[in-house]
Amino acid sequence: ENIQLKKELNDRHGLAVVYVNVSNIYSSQGDPLSALEFLQNALTEFEKGNDKLIIGRVYNNIGLVYLNLHDYNKAMEYFQKCLNRNLEIKNIPTFANVYNNIGIVYKEQKQFDLALENYLKSLHYYELAGDKRKVANIYGNLGATYDMLKEYEKAKEMLYKAEKIRLEMNETNALSLTYNALGNVFFNTGD
C-alpha cells in the first residue's frame with residue numbers, strides 16, 4: 001500500500017526508505033531472501049539520487065544479509081562497496097562499523113589474524129567517533145578472537161577493557177556477555 005503510494009507520487013527516496021523498512025521486517029522474521037530483494041530495490045532507487053551515505057548503508061545491510069546466509073564472498077563484496085562509498089565522504093562511524101563486519105566475516109572463516117586486523121581498524125574509528133558502547137563491543141570481539149587463538153592473556157586484557165566500559169555505562173545485558181566470554185577464557189585456561 002505504502003509502496004504503491006510512493007510510486008504514484010514519484011517519491012523515489014520515500015519508496016527506497018519503504019523498501020528498506022520492509023527488508024528489515026523480513027530480516028526480523030527470518031526471511032533473508034525477501035529482505036535481500038527489498039534491499040536491492042532500495043539500492044536501485046537510492047542510486048538514482050546518488051546519496052553516497054545512504055547507498056553505503058544499503059550496501060552494508062546487503063552485506064549483513066549475505067553474512068547471515070554464510071555467503072562470505074558476497075558479504076565481503078558489499079562491505080567493500082560500502083567502505084569504498086564511505087571513503088569518498090569520510091564517514092568515520094561507518095568505517096568503524098564496516099571494519100567490524102569484515103572482521104566478523106574473517107572470524108567466521110577462521111582467518112583470525114585478518115579478523116583482528118579489521119577489529120583493530122574498527123576500534124580506531126569508534127574511538128575517533130567517541131562511541132564508547134561500540135568500543136566495548138570491539139574489545140569483546142577482540143577478546144573472543146584472542147581466546148580462539150589461545151592467546152589467553154590478550155583475551156583477558158581486551159575483555160577487562162570491555163568490562164570497564166560496560167560497568168561505567170551500566171550496561172548489564174552487554175556486561176553479561178563480557179562475563180560469559182571471560183568465563184570461556186578461564187575455562188580454557190583451567191582457572
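## Aromatic pairs

The count of aromatic ring pairs comes to 6 in this predicted model. One of them joins Tyr19 and Phe38, whose ring centres lie 5.8 Å apart with the planes at 55°. Planes under 30 degrees apart count as stacked and those over 60 as edge-to-face, so the pair of Tyr19 and Phe38 is tilted. Tyr19 belongs to helix α2 (residues 12-28) and Phe38 to helix α3 (residues 32-49), so this pair ties together parts that are 19 residues apart in sequence.

Tyr19 has a relative accessible area of 7% and Phe38 one of 14%. The cut-off for buried is under 20%, so Tyr19 counts as buried, and so does Phe38. Ring pairs also bring in Tyr26, linking Tyr19, Tyr26 and Phe38 into a cluster.

Tyr66 comes from helix α4 and Tyr78 from helix α5 (residues 72-89), so the pair ties together parts that are 12 residues apart in sequence. Both tyrosines, Tyr66 and Tyr78, are buried.

Tyr78 also has a charged neighbour: Lys81 lies over the face of the Tyr78 ring, at 4.7 Å from its centre.

In soluble globular proteins, nonpolar side chains tend to be buried together. The largest nonpolar core here holds 54 residues, of which Phe46, Val58, Ile62, Ile102, Val105, Tyr139 and Leu142 touch the most other members. Helix α4 (residues 52-68) gives the most to this core, contributing 8 residues.

## Helix α7

Helix α7 covers residues 112-129, 18 residues in total. From its first C-alpha to its last it reaches 25 Å, close to the 26 Å expected at 1.5 Å a residue. Just after α7, Gly130 takes a positive phi of about 75°.

The buried residues of α7 are Phe112, Ala115, Leu116, Asn118, Tyr119, Ser122, Leu123 and Tyr126. They pack against α6 (92-108) and α8 (132-148).

Note on methods: Residues numbered from 1 in each chain as written. Predicted model: local features only at pLDDT ≥ 70, side-chain atom pairs only at ≥ 80, totals over all residues. Heavy atoms only, no water. Core = buried A, V, L, I, M, F, W, Y, C linked by side-chain atoms within 4.5 Å. Buried < 20%, exposed > 50% of the residue type's maximum accessible area, 1.4 Å probe, protein only. Helix = DSSP H or I, 4+ residues; strand = E, 2+ residues; numbered from the N terminus. Expected span 1.5 Å × (residues − 1). Contact = heavy atoms within 4.5 Å. Phe/Tyr/Trp six-rings, centres within 6.5 Å; stacked < 30°, edge-to-face > 60°. Lys NZ or Arg CZ within 6 Å of the ring centre and 35° of its normal.
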